[in-house]
Amino acid sequence: MVLSLSKANIAIFISGRGSNMVSLIEAMQANEVDAIPVVVISDQSDAKGITRAQTLGVPCEIVSQNNFSNKELFERHIITLLRRYHVDWIALAGYMVIVGQELLAAYPDRIINIHPSLLPTFKGLNAQQQALDYGVKYSGCTVHYVTANVDGGKIINQCVVEVKPNDTVDSLSARILIKEHELYPRALQKVILKTKGEK
Ligand code: GRF
């Protein structure tokens, strides 16, 4: 098996504060992941993550779904941008838009996401609240491949976080987030190495 030495080009998609984006960029810039953060794409013009990306020297493109008459055109525009940056992988990091068929077809098995629960439990929004409502004693975070089945793609990595008796959504979310920041770069490195090994 011959491993390629070239680095993968990563696009990170955000909608908000971008703390997972920062952890991914920092891990790539520290050579802990064999990849280059070539672009950040935000669907929100006021996402806090935009300034954080720029401070880290990563270009940011804002693409709002509102500027397109349908999802297909919106995603075609994104794909044009991704090709311009020679993107190999997409890492969703708090991106609040459901990925559609165009993007899935353009990047098959090349889109990953992080979710704040132990999938397949507590899919969708407010996963930490769902965990508290259910009374689980352990929750955590999951990195998975993105498919048309929202939060349902194959699992890459998980990390368990204990739920404490007095936890609130904020306290549980904060402890899960610390683990997300460790898990996501490791998961990205794992899928990149796996793909290189398959070539
Ligand atoms: C994280 O909890 C992530 O798991 C979920 O959305 C949140 C994004 O946070 N998909 P941030 O923008 O990375 O800080």
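Before the first stop, a word on pairing: two strands pair if DSSP finds at least two bridges between them. Helices (H or I, at least four residues) and strands (E, at least two) are DSSP runs, numbered from the N terminus. What you're looking at is a predicted model, where local features need pLDDT of at least 70, side-chain atom pairs count only at pLDDT 80 or more, and totals for chains, interfaces and linings use all residues. Residues are numbered from 1 along each chain as its sequence is written, and side-chain values use heavy atoms, with hydrogens and water left out.

**Stop 1: the sheet**

Colour the strands. Seven of them make an open sheet with mixed pairing, and the order is β3-β2-β1-β4-β5-β6-β7. Now pick out β3 (60-62) and β7 (155-162): these are the edge strands, each with a single partner, so one side of each has no neighbour in the sheet. On average, neighbouring strands here are turned by 20° against each other, direction ignored. (Axes are lines fitted to C-alpha atoms, for helices over the stretch in contact, and angles run from 0 to 180 degrees between N-to-C directions.)

Next, select residues 89-92 and 111-115. These are β4 and β5, which run parallel and are joined by three bridges. Which residue of β5 is the bridge partner of Leu92? Zoom in and you'll find Asn113 there.

**Stop 2: a helix across the strands**

**Stop 3: α1 with α2**

Select 19-29 for α1 and 48-55 for α2: their axes come within 9 Å and cross at roughly 15°. That makes the two helices roughly parallel (the label for angles under 35 degrees; over 145 is roughly antiparallel, 65 to 115 roughly perpendicular, and the rest oblique). Show side chains for Ser19, Met21, Val22 and Ile25 on α1, plus Gly49, Arg52 and Ala53 on α2, and you have the contact (heavy atoms within 4.5 Å).

**Stop 4: α1 with α6**

Finally, select 169-198, which is α6. The axes of α1 and α6 come within 9 Å and cross at roughly 45°, so this pair is oblique. On the α1 side, show Ser19, Asn20, Ser23, Leu24, Ala27 and Met28; they meet Leu177, Glu180, His181, Tyr184, Pro185 and Leu188 of α6.
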